[in-house]
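User: I'd like to learn how to read a few features of a protein model. Could you walk me through them?

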Amino acid sequence: MPLTSHGQSTAIGVKAHVLFSQLLKPEEYWGLLNLNSTTEIAGFLKQTEGYKEHLDLLPFEKVHRVDLENAVRSAVLSEATSFLSYLAGAERELFIDWLGWYESEHLKSIFRWIRSKRIDRDTMRSRLFAVPGSKISYDLLLNSRDFSEALEALRDSKYYDILREPVKRLMDGDDSLFSLELAIDNMAETRIFNDLNNISPKDKKLLSTLFGTRVDLLNLYHFHRCTWYYHMTLEETLSRMLPVKYKIKTHHLRDMSRGGTWEDRLDRFESSFPVYAKIFREALEQSDRELALEMSIKRHTYLKALSLFQSGAPSFHTAMSYFILKSYESDDIIRIIEDVRYDYDRGSAATYLIRPILSGGEPIWQ
C-alpha cells in the first residue's frame, strides 16, 4: 500500500503545529469552569481560535447543551476532514480507523437507545453526526425495533461478525451491554494497532509507544471491570481482552488474577510495570474510584500524546498526536458543560479533567 510522501507528511505535521497553537490555554479552561450557563460557554468558545468557526450557527441565546456538545465534537471532525486530502495509503487508513472511535461511540449510543427508548427517534438522530470514512446508516439502525434488527442493519459492515454473539446474549435475556460495547471498543483499537504495521518505520516506532500504551491500559481496565464488577471467570475475562498486545501479555494477566484483592493484584504487577500500577493504585484509592480511574488512564495517554507531539521533526506522527490532544480537549469541554450545568464545585471538577490544569492543588495560571 503506498505511503504518504515525505513532503505531505511534513506539511501535515506543520499544519498540526498551527492547530496546536489554537488549543485552549489553562486560563481558558478556568475561564470556562467559572461561567454560569451553557449559553455563556458557547459565547466564550466563539471567541477562541479553535472553535469560533465551528460554532457560528449556534444561536446567541438559549444554546441547548446537546447542540453545543455536538458542535464541539464536530470541530474535531471538521479539522480531521481537512487533513484527509493530504493523506494517502497506509497513513490515510490509520487516520480513518482512528476516526472510527467516533463511529464506535455513536454505535454504542444507538444500542443503548434501543434498550431504553427514553427519547424519541428524531431527538436521538440529532445527537449523531457524520464521521469521515463511516459507512453505517444511522437511519437504518434507528428504525430497528430490537437488537436483532440492529444487527441485521449492520450485516454489510465490519461490525456484523463481532456483534453476533453479544447480540444473541442480549436477545436471550442478558440485560447488560457490557460485552457488546467491549467488542466494539476492542475492534476499533485492534484495527488502529494493526494499521501501525503498514506506515513508515519511523512513524511506526513513534506511534507504537502511544497506541501500545493505550492497548495495555485498555486491557488492564477491561480486566479490572470483568473481574471486579461482572465476576467473570479468568477464561471468560481473557476471551474479552484485546487480540493485540503491547507490553502486557496474557501471562501477566494470569499472574495478576492470583491476587485475592486489587491491592494484591497490583502488588504482583508493580515490579514489572510500576507506572501502570501507580495509575491504578492512586485512582482506586479515591472515593469516586471508577471515574478517577477512567480519567487517570486518559490523562496518562494525553501526556504521552503531548510528549510525542513535541518529539522529532513535524511528520505524520505529529498530526496523529495532535488529534488525540484535540479529542481529549473536546471531552474536557463537554465535561465542563456538565459541571457548569449542575453547578459542581469548580476546584473538584478540575481534578477530573483529562488535561492537568492543577499544580500542587492550585490553578497553574494564578
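**Salt bridges, a cavity, a helix and a patch**

Analyst: Happy to. By the rule used here, the count comes to 26 salt bridges. Keep in mind that this is a predicted model.

User: What is the general idea behind such pairs?

Analyst: Side chains of opposite charge can pair when their charged atoms come close. Here, Arg254 makes a salt bridge with Glu235, with 2.9 Å between the closest N and O atoms. This pair links distant parts of the chain, 19 residues apart: Arg254 sits in helix H13 (residues 250-256) and Glu235 in helix H12.

User: How do I read the pair Asp343 and Arg346?

Analyst: Their closest N and O atoms are 3.1 Å apart, and the two form a salt bridge. Asp343 counts as exposed because its relative accessible area is 59%, whereas Arg346 counts as buried because its value is 14%. Salt bridges can also share partners: Arg65, Glu69, Glu338 and Arg341 are joined into one network that way.

User: And which residue does Asp122 meet in a salt bridge?

Analyst: The side chain of Asp122 meets that of Arg121, at 4.0 Å from N to O. Asp122 is exposed because its relative accessibility is 59%; Arg121, at 28%, is therefore partly exposed.

User: Let's turn to cavities. How many cavities of 30 Å³ or more are there?

Analyst: The count is 2. The largest cavity has a volume of about 40 Å³. Its lining includes Asp97, Lys158, Tyr159 and Arg191. Helix H5 (89-116) and H10 are the elements that give two or more residues to this lining.

User: Finally, which residues form a nonpolar patch on the surface?

Analyst: Trp228, Tyr229 and Tyr230 do, and together they have about 280 Å² of accessible area. Tyr230 lies in the loop between helix H11 (201-228) and helix H12 (234-239). Its relative accessibility is 34%, so Tyr230 counts as partly exposed.

Notes. Residues are numbered from 1 along each chain as its sequence is written. This is a predicted model: local features need pLDDT of at least 70, side-chain atom pairs count only at pLDDT 80 or more; totals for chains, interfaces and linings use all residues. Side-chain values use heavy atoms; hydrogens and water are left out. Patches are made of residues with over 30% relative accessible area and no salt bridge: like charges are joined within 9 Å, nonpolar side chains (Val, Leu, Ile, Met, Phe, Trp, Tyr) within 5 Å. Accessible areas come from the Shrake-Rupley method with a 1.4 Å probe; for residues, only the protein chains shown count as cover. Helices (H or I, at least four residues) and strands (E, at least two) are DSSP runs, numbered from the N terminus. Buried means under 20% relative accessible area, exposed over 50%, partly exposed in between (1.4 Å probe, protein chains only). On a 1 Å grid over the protein atoms alone, a cavity is a set of points where a 1.4 Å probe fits but cannot get out, and a pocket is an open set with protein on both sides within 12 Å along at least five of seven lines; lining residues have an atom within 4 Å of a point. Grid points are joined across faces, edges and corners, and a volume is the space filled by probe spheres set on the points.
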